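Trainee: Before we start, could we go through this structure together, one question at a time?

Mentor: Gladly; please have the sequence and the model open beside you.

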Amino acid sequence: MAAPPWSNWAQTVQWTGAVQKPTTLEELERCVKGASRVFVVGSGHSFHFPAAPPTEGLTSGTILLDLTHGFNKVLSVQPSTEGDRSGTCVVEAGCSLGQLATTLQKQNLALESMPSLMSITIAGAVLTGTHGSGASISVMATLVNEMDVMTASGEVVTIRDPRFFLHVGLLGIVIRLTLRCVPSYSLHQRVYEHIQLQKFLPMAREVVEHVESSSFWIDLGRAEVMAWLRFRIEDMTPTEELDVGGMLRAIPVRVSETNDPVQTQMTGPWLDVLPFFGIGQSLPNRETVQAEFFIPLSEVQQAIEALQAIPDAARHLPHIEVRVVKGDHLALSPCNFRFLTDEKDLFACLHFGFPKNMQTVAMTVNAIERALKPWGSRPHWGKLFTVSGCTLERFCGPAAHRDCAAFWALVLHHDPRGKFRNALIDQVARKVVAVQEFKQLHGALPGRWPFHCRSIDSTALATGTLVLASMAAMVLVFRRKMLASR
Ligand SMILES: Cc1cc2nc3c(=O)[nH]c(=O)nc-3n(C[C@H](O)[C@H](O)[C@H](O)COP(=O)(O)OP(=O)(O)OC[C@H]3O[C@@H](n4cnc5c(N)ncnc54)[C@H](O)[C@@H]3O)c2cc1C
């Protein structure tokens, strides 16, 4: 069978429709104006494309736009004039993180954070809330100063409001971005194995605050943790290197002797140490897919216990990685400060990898979502999740927060006919109209928004009430007739 014209990296999304690879702004504008439905992709490393059109029953007006061929350059790197060795860069949407990182390093600049892989595009990373790990870093969308997008009408506009940089493509096609850069830095990575899970979890906050970046791999079967800790070279003394300032001394720690290339002790510049899969390094096999959920770090111990309670948890959840990030103010971010009761808390990013059997994966992801529900967990936009439009609406719909209301109003302004949306997103977006009408009538939003999507369908509820009321009325009429006839 012929390969589809496009599929994502994991080969879980197969696109059989038209694929366009514009290389100029004029070509891009022509593509957008001529299409009724547009699906934009970066390097396709997402496992889930929340705003994508359904891949079956495609109409001829629906196109996939791949910007990695024409819009893939670092346009400029500008050192700061403040004398603090920082800077900014202007980069096209389809440029890979690897290319950007190499260019910045040559100018003694760096990105404050990096995810585990370099092959993704900068737009893909920003738009889905892609992140690295560290107590002082947030998702990569917080590195953006401004972003040029092409709206559904083909007009190019600049977004400068920092609340809206994470938009999963809903505000238009990202063309180029301006990012903040920090002075280049070097790190040393140490790997610690066989840490007891129960002793480690209460100390997690202290450990992450002590290092620049960290990843904790949890083995539920053995109830053990493997910790990858990365120290800034200038922060590290030889003693701290081994026992993290004494914090890990209380628990059995053995420095890893593994030969696995992604788990080695290493020292080097940020772009070599932070990603697990560096430039030119091959990725893990495509037989694994990922899901990820965010909860407050202060709740991580109870959340892990809830995961342990999933039947046969050790077999179903073979790869759990915990990272941390700081909160942010992005309207659509799963790590927005509004999800923390204490703003000083951090977010735990609970990452899961599964063998690619999509049927069992869906069930396992759903079991994780149910287990993490008490902590109001929210999914990574680029990874697998099964939550409904109602749940998404509660997390980031127009009534969730005034920044979300402003975001969805802008979505409708940039894309009134839904060129960049699908049915799932429309479920969230169409409530904007109701909110706007409500505000026009009453001047402000109520403290509790009365039109939330509920698990019981409101139409069914109304019909049920009507049926019960009519039955009661019929009984009354019947009773009255009986009494009259006596
Ligand atoms: C092996 C592996 C490791 C990973 N590690 C991490 C990690 O460490 N941290 C983390 O947070 N995530 C991680 N991810 C997830 C990954 O970072 C995200 O899915 C990211 O979005 C992929 O970027 P991409 O360039 O492939 O974008 P795509 O997957 O192609 O697209 C991402 C989204 O952005 C939209 N989009 C892309 N470009 C544009 C544009 N120009 N204009 C408008 N919309 C656009 C797409 O429609 C889609 O919704 C990993 C994924 C894999 C496969």
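Trainee: Which helices and strands each supply at least two residues of the lining of the second largest pocket?

Mentor: Keep in mind that this is a predicted model. The pocket in question holds about 460 Å³ of space, and 16 residues line it, with Lys373, Ser377, Val387, Thr391 and Arg394 closest to its centre. The elements that each supply at least two lining residues are α10 (358-372), β20 (378-379) and α11 (389-396).

Trainee: Which element gives the most to the lining of the second largest pocket, and with how many residues?

Mentor: The lining draws at least three residues from each of domain 3 (186-390) and domain 4 (391-442), and by residue type it divides into 5 nonpolar, 6 polar and 5 charged. The element that gives the most to this lining is α11, with 4 residues.

Trainee: Is asparagine 108 buried or exposed?

Mentor: Asparagine 108 is placed in the loop between α2 (97-106) and β8 (109-110), and its phi is near 60 degrees, a positive value in a residue other than glycine. Its relative accessible area is 54%, and because the cut-off for this class is over 50%, asparagine 108 is exposed.

Trainee: Is valine 168 buried or exposed?

Mentor: Valine 168 is also not a glycine and has a positive phi, of about 50 degrees, and it is found in the loop between β10 (156-159) and β11 (173-183). Its relative accessibility is 15%, and since the cut-off here is under 20%, valine 168 counts as buried.

Trainee: Turning to the ligand, which polar backbone atom is 2.9 Å from an oxygen atom of the ligand?

Mentor: There are 34 residues around the ligand, and those that come nearest are Val40, Ser43, His45, Ser46 and Thr121. A nitrogen atom of the ligand, in turn, lies 2.9 Å from a backbone N or O atom of valine 174. The polar backbone atom 2.9 Å from an oxygen atom of the ligand belongs to glycine 124.

Trainee: How far does the backbone nitrogen of glycine 124 lie from a polar atom of the side chain of threonine 121?

Mentor: Threonine 121 lies in the loop between β8 and α3 (122-127), and at a relative accessible area of 3% this threonine is buried. Threonine 121 is also one of the residues that come nearest to the ligand. From a polar atom of its side chain to the backbone nitrogen of glycine 124, the distance is 3.0 Å.

Trainee: With which side chain does the side chain of aspartate 161 make a polar contact?

Mentor: Aspartate 161 lies in the loop between β10 and β11 and, at 24% relative accessibility, counts as partly exposed. Its C-alpha is 9.5 Å from that of leucine 330, although the two residues are 169 apart in sequence. The polar contact, at 2.6 Å, is with the side chain of arginine 163.

Trainee: How far apart in space are valine 428 and leucine 392, C-alpha to C-alpha?

Mentor: Valine 428 lies in helix α13 (residues 423-429) and, at 1% relative accessibility, counts as buried. Valine 428 and leucine 392 are 36 residues apart in sequence, while their C-alpha atoms are separated in space by 7.2 Å.

Methods
Residues numbered from 1 in each chain as written. Predicted model: local features only at pLDDT ≥ 70, side-chain atom pairs only at ≥ 80, totals over all residues. Heavy atoms only, no water. 1 Å grid on protein atoms, 1.4 Å probe; cavity = no way out; pocket = protein on both sides within 12 Å on 5 of 7 lines; lining within 4 Å. Points joined across faces, edges and corners; volume = space filled by probe spheres on them. Nonpolar A, V, L, I, M, F, W, Y, C, P; charged D, E, K, R; others polar. Domains from an automatic or database assignment. Buried < 20%, exposed > 50% of the residue type's maximum accessible area, 1.4 Å probe, protein only. Near = heavy atom within 4 Å. Polar contact = N/O pair within 3.5 Å; in protein donor to acceptor, adjacent residues only side chain to side chain.
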